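Subject: the structure, and what turned up in it

Hi,

Here is the structure I promised to pass on. Have a look at it first, and then read on for my notes.

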Amino acid sequence: MFDHPSFDGHESVHMFEDKASGLKAIIAVHSTALGPAAGGCRMWNYATGEEALRDALRLSKGMSFKNAMAGLPLGGGKSVIWGNSKTDKSPALFEAFGRAIQSLNGKYYTAEDVGISTKDMEIVATQTKYVAGLDQGEAASGDPSPITALGVYRGIKASAKRAFGSDDLSGRRIAVQGVGHVGGYLCDHLAEEGAELIITDIDETLLKEVSERTGAKIVATDEIYDQHVDIFSPNALGAVINPETLPRLKARVVAGGANNQLSIAEMDVALRDRGILYAPDYVINGGGIINVAAEISGAYSRNWVMGKLNVLIETLEEVLDEALKQNAPTNEVAEQIARTRIANAKPA
């Protein structure tokens with residue numbers, strides 16, 4: 001574990017198995033310096049346990065940075081369930097997952113992520129109170145994806161202003177990779193402003209729905225990298241900016257809601273060297289965790305969420321401006337700020 005390339009001084013990593021329900025889950029707690037660790041649960045049919053572990057480690061570290069950059073009293077954590085989200089779900093599995101979370105005694109709060117719905121979280125909540133993103137309850141706010149998408153949309157506008165001199169997206173060609181929870185809502189915002197969309201996803205039903213309501217052009221999943229566009233927006237899984245895909249990109253901006261978009265840290269330097277402005281994922285996609293933080297507080301306030309979202313976009317703008325001023329990779333600038341905030345925080 002300590003020699004794992006994705007291990008970053010994590011406070012703890014927990015592995016759970018419940019043979020009766022088939023649950024195989026990992027909960028990674030990266031930091032609780034700013035508060036209890038918070039981050040969603042992802043259900044994915046990983047090829048190996050090693051892939052699941054890597055995802056949990058990378059995502060939990062990203063949540064520490066995301067929460068720090070959003071100015072939230074939360075640390076970073078993430079959970080993954082190894083399984084097929086379309087065939088392996090059951091009430092017993094999510095009950096077992098809820099018991100696993102409860103065993104950490106409040107060190108980690110979960111919510112929905114890829115492959116997980118609010119209905120799944122409702123089952124988890126029967127076994128633990130450390131759950132957010134619910135549709136029911138005193139402070140329930142439901143799926144945080146719309147807030148995430150709104151933040152990504154505003155982040156794209158901020159990035160466009162620095163790359164093109166204007167934040168007007170009317171007529172801009174934008175490639176959107178992934179039109180699920182976040183990507184679908186994002187396409188609505190972009191289409192409303194008059195952007196020309198090119199979309200892809202592994203879910204053909206979703207693709208058709210989004211295309212019909214936005215006028216987006218559909219392309220095959222691997223073809224999305226070759227489109228002549230102004231902006232490339234990853235909104236599916238991570239590591240999509242890698243040595244194989246980067247040379248194919250024709251965009252001047254990469255800005256999207258997916259976590260861990262860069263396969264390796266060096267990709268940020270490579271993006272800069274190609275003249276592509278990158279909006280660090282854990283900054284631009286922080287809207288959802290802001291919404292979750294409001295729910296965790298026990299007194300959800302839409303005004304508080306919108307205020308925090310405004311501050312988040314201001315932080316993104318500061319990162320982009322500082323990176324351009326220094327001719328430095330944007331991810332490097334953002335990570336330095338995040339690590340400083342975490343290091344200066346008193347232990348929870």
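Which side chain does D55 meet in a salt bridge? The partner is R42, at 3.3 Å from N to O. (A salt bridge here is a side-chain nitrogen of Lys or Arg within 4 Å of a carboxyl oxygen of Asp or Glu.) D55 sits in helix 1 and R42 in strand 4 (residues 41-44), so this contact ties together parts that are 13 residues apart in sequence.

Before the rest, a word on the basis: this is a predicted model, where local features need pLDDT of at least 70, side-chain atom pairs count only at pLDDT 80 or more, and totals for chains, interfaces and linings use all residues. Residues are numbered from 1 along each chain as its sequence is written, and side-chain values use heavy atoms, with hydrogens and water left out. Helices (H or I, at least four residues) and strands (E, at least two) are DSSP runs, numbered from the N terminus.

**Salt bridges**

Searching the whole structure gives 14 salt bridges.

Back to the opening pair for a moment. D55 is buried because its relative accessible area is 16%, and R42 is buried too, at 4%. (Buried means under 20% relative accessible area, exposed over 50%, and partly exposed in between, with a 1.4 Å probe and protein chains only.)

Then there is K89 with D120, a salt bridge at 2.6 Å, N to O. K89 lies in the loop between strand 5 (75-82) and helix 2 (91-102), and D120 in helix 3 (residues 118-124), so parts 31 residues apart in sequence are tied together. K89 is partly exposed, with a relative accessible area of 31%, whereas D120 is buried at 8%. Salt bridges with shared partners also join R42, D55, K78 and D113 into one network.

D8 pairs with R339, and their closest N and O atoms are 3.1 Å apart. This one links distant parts of the chain: D8 is in the segment before strand 1 and R339 in helix 11, 331 residues apart. D8 counts as partly exposed because its relative accessibility is 22%; R339 is partly exposed as well, at 33%.

**The pocket and the cavity**

Both come from a 1 Å grid over the protein atoms alone: a cavity is a set of points where a 1.4 Å probe fits but cannot get out, while a pocket is an open set with protein on both sides within 12 Å along at least five of seven lines, and lining residues have an atom within 4 Å of a point. Grid points are joined across faces, edges and corners, and a volume is the space filled by probe spheres set on the points.

The second largest pocket holds about 460 Å³ of space. It has 20 lining residues, and those closest to its centre are R58, K61, N260, L262 and A265. Helix 1 (49-69), helix 8 (281-284) and helix 11 (330-344) are the elements that each give two or more residues to this lining. Helix 1 gives the most, with five.

By the cavity rule there is one cavity of 30 Å³ or more. The largest cavity has a volume of about 40 Å³, and its lining is made of L59, G62, M63, K66, N259, N260, D281 and Y282. Helix 1 and helix 8 are the elements that give two or more residues to that lining, and helix 1 has the largest share, at four residues.

N260 is worth a look on its own. Its phi is near 50 degrees, a positive value in a residue other than glycine. N260 is in the loop between strand 11 and helix 7 (266-273), and it is buried because its relative accessible area is 15%.

A239 also has a positive phi, near 60 degrees, and is not a glycine. A239 belongs to the loop between strand 10 and strand 11 and is partly exposed, at 31% relative accessible area.

R248 is found in the loop between strand 10 (231-234) and strand 11 (253-254), and is partly exposed at 22%.

Cheers
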